[in-house]
Amino acid sequence: MIRILTDSASDLTATDSARPGVYTVPLSVTFADGTGGLDGVELTADEFYAHLKVDKVPPRTSQPSPQSFMTIFEDAKENGDQVIAILISSNLSGTYQCARLAAESCDFEDVFFVDSRTASQGEAILVREALRLRDEEHLPAHAIVAELEQLKQRIRVLAVVDSLKHLQKGGRLPAAVAIVGGALGIKPVLALFDGAIHLVDKGRGRPGALVAMYRQLDKLGGVDPAYGYTLLYSDDKQLTAPVHHYLHQNLHLTGGRVGQIGPTIGTHVGPGVVGVAFVIPE
């Protein structure tokens with residue numbers, strides 16, 4: 001069997017997580033008062049955002065322990081399974097390196113690592129495609145990984161955020177860039193690609209920022225309908241409504257998924273986020 005291993009930063013839906021052979025290793029989030037816990041195990045997204053709204057000191061995230069990976073690798077080795085590990089961008093977290101060290105420590109060689117170069121629902125796109133290639137195309141592990149390495153170059157996450165202060169405090173953006181988010185009601189538009197977070201546009205208030213995000217979608221050539229899209233939100237699902245309307249009315253896209261940004265990524269982007277994860281056309 002080919003196991004698909006990911007981390008909680010992928011924000012998999014309950015449906016995806018429940019599919020056979022899917023394993024998720026949680027990162028942890030700790031608030032200033034010492035509370036928190038494992039992402040998705042001891043701390044739900046709703047609990048996280050409720051705490052975040054009243055806590056003036058930003059929480060911190062921690063990568064998984066090597067033992068959490070070793071447990072899965074040792075079990076796979078014992079059962080003769082292969083593992084494809086699809087993990088958060090190595091530029092954003094030490095999780096990828098931790099998993100590689102864990103495989104070396106337990107002498108497990110039948111594992112294929114994919115540095116997703118993205119996170120959240122961008123990472124989840126790769127997980128779903130790995131499952132499709134495994135279950136529908138019946139490809140061997142090495143062929144699945146080759147396909148994922150090509151696909152990850154086309155994955156984009158675009159999002160409007162209320163403020164850049166969470167990213168700046170977490171060291172993901174320089175202070176000079178973070179100042180943009182606090183100027184005269186300006187809302188930043190971020191893009192996650194090539195392993196890093198980029199400030200790609202901005203707009204006056206949320207409506208202006210959404211228009212700027214749609215402009216970025218057009219610049220990228222739209223959405224490859226073969227992979228669908230996932231609407232993203234942090235603490236308010238209703239914020240996805242205008243984005244869904246634009247994708248449906250202007251880009252003539254149907255279906256799509258809705259995914260909540262979990263505690264790990266939420267620590268760095270904060271509340272009030274809305275966006276979309278998708279694959280650009282070839």
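Of the 282 residues of this chain, 53% count as buried, where buried means under 20% relative accessible area, exposed means over 50%, and partly exposed lies in between, with a 1.4 Å probe and protein chains only. The model is a predicted one, in which local features need pLDDT of at least 70 and side-chain atom pairs count only at pLDDT 80 or more, while totals for chains, interfaces and linings use all residues. Residues are numbered from 1 along each chain as its sequence is written, and side-chain values use heavy atoms, with hydrogens and water left out.

The chain has 11 helices and 13 strands, these being DSSP runs numbered from the N terminus, with helices (H or I) of at least four residues and strands (E) of at least two. Its radius of gyration is 18 Å, close to the 19 Å that the globule rule gives for 282 residues, so the chain is as compact as a globular protein of that length; the radius is taken over C-alpha atoms, and the rule is 2.2 Å times the number of residues to the power 0.38. Along its principal axes, the C-alpha trace spans about 60 × 45 × 30 Å. The chain exposes about 12300 Å², and carbon and sulfur atoms supply 52% of this area, as computed by the Shrake-Rupley method with a 1.4 Å probe. Among the contacts in the chain with a separation of 6 or more, 73% come from residues 24 or more positions apart, a contact meaning heavy atoms within 4.5 Å.

Two pairs of helices show how elements of the chain pack. Two packed helices are described by the angle between their axes and the distance between the axes. Helix α5 (residues 120–135) packs with α6 at an angle of about 145°, and their axes are 10 Å apart; axes are lines fitted to C-alpha atoms, for helices over the stretch in contact, and angles run from 0 to 180 degrees between N-to-C directions. The crossing of α5 and α6 is right-handed, which is to say that the near helix is turned clockwise from the far one by less than a right angle, anticlockwise being left-handed. On the α5 side the contact is made by I125, L126, E129, A130, L133 and R134, and on the α6 side by I144, E147, L148 and L151. These residues divide into 7 nonpolar, no polar and 3 charged, where Ala, Val, Leu, Ile, Met, Phe, Trp, Tyr, Cys and Pro count as nonpolar, Asp, Glu, Lys and Arg as charged, and the others, Gly among them, as polar.

Helix α6 (residues 141–151) also holds V145, which is buried, with a relative accessible area of 10%. Leaving aside its neighbours within four places in sequence, V145 is in contact with I84, F112 and V114. The C-alpha atoms of V145 and K237, which lie 92 residues apart along the chain, are separated by 33 Å.

The other pair consists of helix α9 (residues 205–219) and helix α10 (residues 241–249), which pack at an angle of about 35° with their axes 11 Å apart, in a right-handed crossing. Here L210, M213, Y214, L217 and D218 of α9 meet P242, V243, Y246 and L247 of α10, giving 8 nonpolar, no polar and 1 charged residues in the contact.

In the loop between α10 and β12 (257–260) is H252, a residue other than glycine whose phi has a positive value, near 55°. H252 is exposed, with a relative accessible area of 64%. Phi of D107, also a residue other than glycine, is positive and near 55°; D107 is found in the loop between α4 (95–105) and β7 (111–115), and is exposed, with a relative accessible area of 53%.
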